[in-house]
Amino acid sequence: MSLLATLAANLFLFLGTLVFSIGALLGVLLPPRGHWPLRCAVWWSRGWLASARVRLEVEIEDEAAEALRSEGPFVFVANHQSLLDIPVLLAALPGPPQILAKRSLFRIPVFGQALAAAGFVPVDRGDRARAGEAFAGALRHLEQGRSVLVFPEETRSATGRVLPFKRGALLMAVRAGAPLAPIGVFGTRTIQAKGSLTVRPGVVTVRIGPPRPARLGSPAQRRALLEALRADVVRLSGMAAENAEVDDAAEREPGLGEPR
C-alpha cells in the first residue's frame, strides 16, 4: 500500500500540479476575479490527498465553530511537520485561506504563475526588504476580508515537536485587527516525513480551536500571548513542545512563518 501510495502521490504531484496550474491560470479570466485559481488550489489539494490515500478528519471546537461563522477574517496559525500540511489545510479550512509560500516556488514555470494567480504570498526569509513586501501582501489580503495561513515555526519540525513561534503572525493580526485562530495538525509527519518522498496511507486530523484576539502590548505581554497561542497549537495537535518557552528570537526577528 505504501509503494502504491508513493507512486500515485508523486505522479499526481507532477502531472496533477501541471493540470491544475494551467486551470488556475485560465481561471484568472473568469469572474469573480481571483476565485477560480484558489478553488483550483483546493481541488489540487484534494486530488493529492486522494492519490496518497489520506483520509482527512476535521474537528472544530464549539467556540471556534461559532467564531468561524460570525467573525473573520482570521490569521490561522498551525504546526508544521510535512509538505502534506499545505494540501491538508487548504482542503480543511474554510475560505480557503491565502498561504505564505517560499519565493523559490514562484520561480517554477507554470506552477509559480498559478501560485501568484491564486493570491499566495511569496516570502524570502533571507531578504529583510522582501520580507517586508510579504508582510504587506498578507496584510492586504486580511484588509480585503481574506484569511491568511501562517506557520509561525517557520520550518518543518523534524521531530514532530512544536518549535518556538516567531511573532510575524501576531504583528500581522494586530495590524489588520484580525483574531489569531490556532490549528493543530496530527498525522502528516507519519504519512510523509520531512525530506522523504515515501508516502504511507493514513489518517490526518485537523483540529481548530477558539480564536484569540491579537493585542500588541508590552514585550512581556507579546511573549505571553505567543506562549498561549503555541500552547493552544500543542494541545490541538497532540504533540509536545520543543521547549518550555517561546524562543527569545521571536522578540528580535518578526518572521513570517513561510512553509518550506
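Predicted model: local features only at pLDDT ≥ 70, side-chain atom pairs only at ≥ 80, totals over all residues.
Biologist: In what order do the strands of the open sheet lie?

Modeller: In general, strands of a sheet pair through backbone hydrogen bonds, either parallel or antiparallel. Here the pairing is mixed, and the open sheet has 7 strands. The edge strands, each pairing on one side only, are β1 (54-60) and β4. Neighbouring strands are turned by 30° against each other on average, direction ignored. Read across the sheet, the order is β1-β7-β6-β2-β5-β3-β4.

Biologist: Which residue of β5 is the bridge partner of Q98?

Modeller: Strand β3 pairs with strand β5 (residues 148-150) in the parallel sense, and 2 bridges hold this pairing. Within β5, the bridge partner of Q98 is V148.

Biologist: What is the handedness of the β-α-β crossover from β3 to β4?

Modeller: Strands β3 and β4 (residues 121-123) run parallel and are joined by 3 bridges, with L100 standing opposite V121 in β4. Between these strands the chain passes through helix α5 (residues 111-117), and the crossover is right-handed.

Biologist: At about what angle does helix α9 (residues 219-237) run to β6?

Modeller: Strand β6 (residues 180-186) pairs in the parallel sense with strand β2 (residues 75-78) over 4 bridges, and one of the residue pairs is F76 with its bridge partner A181 in β6. Helix α9 lies across β2, β6 and β7, and the angle to β6 is about 35°.

Biologist: Which residue takes a positive phi just after α7?

Modeller: Helix α7 (residues 168-176) has as its buried residues G168, A169, L170, L171, M172 and A173. Just after this helix, a positive phi of about 65° is taken by G177.

Biologist: Which element of the protein chain has the lowest mean pLDDT?

Modeller: The protein chain averages a pLDDT of 85, and 90% of the residues score at least 70. Over residues 244-254, however, pLDDT stays under 50, and the model has 28 contacts beyond four places in sequence for that stretch. Strand β7 (residues 202-208) has the highest mean among the elements, 96, whereas the lowest, 43, belongs to helix α10 (residues 249-252).

Note on methods
Residues numbered from 1 in each chain as written. Heavy atoms only, no water. pLDDT = per-residue confidence, 0-100. Contact = heavy atoms within 4.5 Å. Pairing = 2+ DSSP bridges. Right-handed = clockwise from strand over helix to strand, strands pointing away. Axes fitted to C-alpha atoms, helices over the stretch in contact; angles between N-to-C directions. Buried < 20%, exposed > 50% of the residue type's maximum accessible area, 1.4 Å probe, protein only.
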